[in-house]
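Let's take a walk through this structure together, one region after another.

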Amino acid sequence: MLIRKAPDLTFADVTPKSVYLDRRRFLQTVGVAGAALAAGHRLLEWVAPSQTAFAATKFSSLVKSPFSTTEKQNSYEDVTHYNNFYEFGTDKSDPAKNSGKFDTSNWSVSVEGEVAKPRKFTMDEILKLAPLEERIYRHRCVEAWSIVVPWIGFSFSNLVKLVEPTSKAQFVGFQSYYDSRQMPEGRWAGIEFPYVEGLRLDEAMNPLTLLCVGMYGESLPNQDGAPVRMVIPWKYGFKSIKSLVKIKFQSKMPPTTWNLAAPNEYGFYSNVSPNVDHPRWSQAKERRLGEIFKRSTLMFNGYGDQVAGMYNGMDLKKYY
Amino acid sequence: MRALLTSKWTKVALFLLCLIPLAALVWRGLHNGLGANPVEFIQLTTGRWTLRFLVFTLCVTPFRKLFHLPDLIRFRRMLGLFAFFYLCLHFLTYLGPDQSFDFSAMLKDVAKRPFITMGFLGFLLLLPLALTSTAGWIRRLGGKRWQMLHRAIYFAAIAGVIHFYWKVKSDVREPLFYGALVAILLLWRLGDWYFKRRSAAGIKLSPQQASAHPAR
C-alpha cells in the first residue's frame, strides 16, 4: 500500500510576516470600500429614491375645498398602517405589509350599464377629468374608530356627467380589483371577493362624494386603495370602496359585500348614525385615532347639512 | 427533570416568563410601538394572553398524567392567576378608555351586546377562582368542594373563545384555533373521566364480569 507523505514544509513556505500582517489591512480596505459603497447607495437612495421603494407621485396646485374640516389631521403613518383592506389580510397592519408589490400600472376603470356613453377611463384620463382638490374629511369606521384625512380627488359627479346616465339609472354599483395571486391573504377574509359596493344615484351625485386618487399631497399608497377609490364621508368606511375597477349604473339596488356577509349587521345605506347601533357594538361613540377616550359620534358624521335632505321621510332605523 | 420541576428557582423563572407579555407592552408603549390605536392594541394583546394562559392552565393536568410529571401541579395556580391578571388588564381597557369608567353605561353595554356579555361572564367565572386560590381557601372549602368550584375554569375558557369568535367580523381563524385547543383539552378530560369510571366499575364488577364474558 502506498502511503503518500506530505512534502515537508520548509521555512520558504511560510508566509512572510509583512504579507501576513497586510492581510488584516487588506480586509480592512475591503471593509471600508464595502461600507462606502453601501453609504453611497443610501445617499443615492436619499437623493433620488428608486421607484420600486417609493412609488408615490406628488400632486401640485391642488384646489382647496370648502368641504374641508379644520380638525387636526391624523398622521400619514397612522393612515397607512391601520387599514381595513381584507384582500391583503384582516389584521389592521396586514395591508401595509402585504400590498407592497400590488401592481397598479396600466389601470383602467370601466363604466357600464344604464349610460348613454359607456367607456373605459385610464388613470391618465381620470387625473385630467377635473381639477384635483384637497378635501380634508372625517372618516368613520363601523368599528367605532375615526380619522381625519386630507384626500385628493374631485366630486364623483364630474365623471357621472361625462357618461350620461339614462333615465333608468337609479343606483350605481362599484367593484374593487381582485386577483387571488396578488392578494393571497384574501382567501381567509371570510367575505366574498371581488368587493362590491353601491350608492343611490342622488348619493353618488352629491358633491361630497369623492372620486379619490391621492392623500397627503401624493398618489394613494397601495394599502389605502391605490390607484383610485371612492370616499363617502357621511357613511361608514366600508362604503368607500378601494382600488376601483368597475362602475355600473343600474335600475336595481346593487348588492354590497358586507350586507351579503351579514345582512342584520350591515345595510345598504350605512349612514353614520349614533342612534342606530350595530348589533355587536354601540355607534354612539367613536375613538379618534390618537385619543384614549371616546368622543360622541355625529349624525351623518357631521355632514348633515349637505346630505340630510336626501333622506327626508325615510326611516333610517329601518334603512340602516 | 424532577429536580428541575421541584426547584424554587423554576417557579421564579416561570413567574418572570409570565411577565414578558406585559413587559413587551410597556416597552412598546415607551418606544411608540403600539400602533395607530394603542388602546385597541393593548385590548387585543391582553385578551389573547388571557386565552393563552387559560390554555396553559388547562394543559397542566393532562401533561401531568400523560408525561408522568406530577410536580407540574406546582405551577398551575400561578398560570391560572396570570390568566386572571391579563384578564383584569383586558377588562380595564374596556371599562376605562371604552366606557370612561361609567359603570352604569358598562352594565347596559354588557346586557345589550352578546359578545360583551360572554366576555363579562368569563370574567365573573374566573373572579371567585382567583379569590379562592390560596391554601387557606382550599382548607376552608374542603378539597372536593374547592375542586368542584374550580371546574368553572372550563366554562370560563369556553366563554372566552365564544367572546372572541363573536367579536371578529369575518376572519374566524384565530378564535377557531383557540377553540380547538380548548376543545382538545376538555375532551381529554371527558375521556379521562369516562375511562376512569369504566375501569373503576370494572374493578368492582370484575368477578361476575370475568365469568359472564370469558372471551374478554
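In chain A, strand E2 (residues 108-113) and strand E3 run antiparallel and are joined over four bridges. Strands here are DSSP runs of E with at least two residues, helices are runs of H or I with at least four, and both are numbered from the N terminus; two strands count as paired if DSSP finds at least two bridges between them. Within this pair, A:Val109 sits opposite A:Phe121 of E3(A).

Before going on, a word on what you are looking at. This is a predicted model, in which local features need pLDDT of at least 70 and side-chain atom pairs count only at pLDDT 80 or more, while totals for chains, interfaces and linings use all residues. Residues are numbered from 1 along each chain as its sequence is written, and chains are lettered from A and ligands numbered from 1 in the order in which they are written.

Back to the strands: E2(A) and E3(A) belong to an open sheet of five strands with mixed pairing, ordered E3-E2-E11-E6-E7 in chain A. At its edges lie E3 (119-122) and E7 (196-200) of chain A, each pairing on one side only. From one strand to the next, the twist averages 20°.

Chain B has another make-up, with 11 helices and zero strands. Its C-alpha trace spans about 70 × 45 × 40 Å along the principal axes. Of its 216 residues, 22% are buried, meaning that 20 or more other C-beta atoms, placed from the backbone, lie within 10 Å of the residue's own.

Now find helices H4 (residues 38-66) and H10 (residues 152-167) of chain B, whose axes come within 10 Å and cross at roughly 145°. Axes are lines fitted to C-alpha atoms, for helices over the stretch in contact, and angles run from 0 to 180 degrees between N-to-C directions. Among the residues making the contact are B:Leu51 and B:Leu54 of H4(B) and B:Ala157 and B:Phe164 of H10(B); a contact means C-beta atoms, placed from the backbone, within 7 Å.

How far can you trust chain B? Its pLDDT, the predictor's confidence in each residue from 0 to 100, averages 92, and 94% of the residues score at least 70. Among the chain's elements, H10(B) has the highest mean pLDDT (98) and H11 (residues 173-212) the lowest (83). Over residues 209-216 of chain B the pLDDT is below 50. Where pLDDT is low, predicted coordinates should not be read in detail.

How values were computed:
Contact = placed C-beta atoms within 7 Å. Buried ≥ 20, exposed ≤ 12 C-beta atoms within 10 Å, placed from the backbone.
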